[in-house]
Amino acid sequence: MDIARRKPNFVGKVAVAAALTVMCILVLKQSPGFGGTSVFSRHETGVTHVLVTGGAGYIGSHATLRLLTDNYRVTIVDNLSRGNMGAVRVLQRLFPEPGRLQFIYTDLGDPKAVNKMFSENAFDAVMHFAAVAYVGESTQEPLRYYHNITSNTLTVLEAMAAYNVKTLIYSSTCATYGEPDTMPITETTPQNPINPYGKAKKMSEDIILDFSKKSDMAVMILRYFNVIGSDPEGRLGEAPRPELREHGRISGACFDAASGTIPGLKVRGTDYPTADGTCIRDYIDVTDLVDAHVKALGKAEPKKVGIYNVGTGQGRSVHEFVEACKMATGATIKVELLSRRPGDYAEVYSDPSKIRDELNWTARHTDLRESLATAWKWQKTHPGGYGLT
Ligand SMILES: NC(=O)c1ccc[n+]([C@@H]2O[C@H](COP(=O)([O-])OP(=O)(O)OC[C@H]3O[C@@H](n4cnc5c(N)ncnc54)[C@H](O)[C@@H]3O)[C@@H](O)[C@H]2O)c1
């Protein structure tokens, strides 16, 4: 009787143990570097494997969505210092098939960890988005900015060189131009950045340019203007940490004012030499921006460097932005008119003809109200951002 009862129990245990072993092997096989057999660890003909640094962040997550939609293989690396694991989970849910997307939790400020990641994966290209990216914060914590932006770019570049990764698409910014005398800004406008953020990005550009003179690497440097909007299908949004609100960008402030998180919008400076007295900026929709990245990736050539402004070419005043924000959100937004903020320049807008002529790219989402309405939709359905970090 005893033996008869123990037998099925024993068989059951063996079956469970076998199932667990099989599961472990399957899980391990999915993880990078499993005996070199992960699909992420070997190059595959017809598949371009892109390392997206900062892919848990606002622009990086949108770029990953586009790359995966276009059948690229993507590895996201992020230390989640600012991005959202929730965004990565959305992408994982959308592309659950093996070999499409993996997430690596690593700090690019740790050269050993970066080296390990490159040694265990076969990347064809890197889109280097990861950075701290607030002008105001950079003046308060300059060393953090030089380290996070310039030093980490050097680390990524060294690893790319060591592991023969052939293409780099670098996220730069119009802040590298500083306060140019003439508008619009072309790629040959002298770069005289005036804050640590712009300077750190300019230094990174210089490192990349010097390196590329003696390398076969294909390099594209994209200098973005002011990025707004979110995925038109509402799958992703912009969800900066609440503690970064004080440094925040104008679109975040607009949504915070519309939702009542802050009492209203503060317009700083109404006596600039512009048509309505407020500052003029060039707002580029994130969907257009990631399209520029995919086009840059497609046209990147060994031993060549392409430098492009990514903007609409249309300057919009802060006053216009506020009106668009009111219409997009349907909210009554209190606007406080204040004196100028030191360091703000009157007008910044791009001349995007080079990227149009050479990469066949033009901004399509140029209606401010529409871009803000799309982003507002996501904000309303995600009052706590992604909810997960
Ligand atoms: N948002 C804009 O208007 C704008 C304009 C011009 C240029 N840019 C550039 O675009 C890039 C992306 O900006 P964003 O607005 O998506 O910012 P974001 O803060 O939303 O995303 C940046 C991501 O990088 C990650 N990161 C930061 N330091 C890291 C590190 N040491 N190791 C690993 N991951 C790290 C963060 O966790 C975050 O997920 C940045 O390089 C920024 O300078 C942004």
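Which residue is the bridge partner of Tyr170 in β6? Select Tyr170 and look across to β6: the partner is Ile221. Before going further, keep in mind that this is a predicted model, where local features need pLDDT of at least 70, side-chain atom pairs count only at pLDDT 80 or more, and totals for chains, interfaces and linings use all residues. Residues are numbered from 1 along each chain as its sequence is written.

**Stop 1: the whole chain**

Zoom out. The protein has 12 helices and 13 strands; helices (H or I, at least four residues) and strands (E, at least two) are DSSP runs, numbered from the N terminus. Of its 389 residues, 43% count as buried. Here, buried means that 20 or more other C-beta atoms lie within 10 Å of the residue's own, exposed means 12 or fewer, and partly exposed is in between, with C-beta atoms placed from the backbone. Now think about contacts, meaning pairs whose C-beta atoms, placed from the backbone, lie within 7 Å. Among contacts between residues at least 6 apart in sequence, 81% join residues at least 24 apart.

**Stop 2: the sheet**

Colour the strands next. Two strands pair if DSSP finds at least two bridges between them.

**Stop 3**

Select β3. Trace the chain from β2 through helix α3 (residues 85-94) to β3 and you have a right-handed β-α-β crossover. Right-handed means that, with the strands pointing away from the viewer, the path from the first strand over the helix to the second runs clockwise.

**Stop 4: across β1, β4 and β5**

Move to β1 (residues 49-53), joined in parallel to β4 (residues 125-128) by 4 bridges. Thr53 has His128 of β4 as its bridge partner. Click on His128 and carry on across: its bridge partner in β5 is Tyr170, and β4 and β5 are also parallel, with 4 bridges.

Stay on β5. Are its residues buried or exposed? Buried, 7 of 7, so the strand is largely enclosed by the rest of the structure. Thr167, Ile169, Ser171 and Thr173 point one way, while Leu168, Tyr170 and Ser172 point the other. On the β6 side, 7 bridges join β5 to β6 (residues 218-224), again in parallel. The chain gets from β5 to β6 through helix α7 (residues 196-213), in a right-handed crossover.

Now pick Ser172 in β5. It's buried because 24 other C-beta atoms lie within 10 Å. Leaving aside neighbours within four places in sequence, Ser172 is in contact with Lys201, Glu205, Ile221, Leu222 and Arg223.

**Stop 5: the ligand**

Show the ligand and its shell of 28 residues; the closest are Gly54, Gly57, Gly83, Ala131 and Val227. α2 (58-69), α6 (142-162), β5 (167-173) and β7 each supply at least two residues, and α2 gives the largest share, with 3. By class there are 12 nonpolar, 12 polar and 4 charged residues. Nonpolar covers Ala, Val, Leu, Ile, Met, Phe, Trp, Tyr, Cys and Pro; charged covers Asp, Glu, Lys and Arg; the others, Gly among them, are polar.

**Stop 6: helix α8**

Finish at α8 (residues 250-259), a mostly covered helix with 7 of its 10 residues buried. The buried ones include Cys254 and Phe255. Among the elements covering them are β7 (226-228), β8 (265-268), α10 (318-329) and α12 (368-381). Ser259, also in α8, is partly exposed, with 14 other C-beta atoms within 10 Å. The C-alpha atoms of Ser259 and Thr329 are separated by 8.9 Å, and the two are 70 residues apart along the chain. Just after the helix, check Gly260 for its positive phi of about 85 degrees.

Technical notes: Two residues are in contact if their C-beta atoms, placed from the backbone, lie within 7 Å. A residue is near a molecule or strand if its C-beta atom, placed from the backbone, lies within 6 Å of it.
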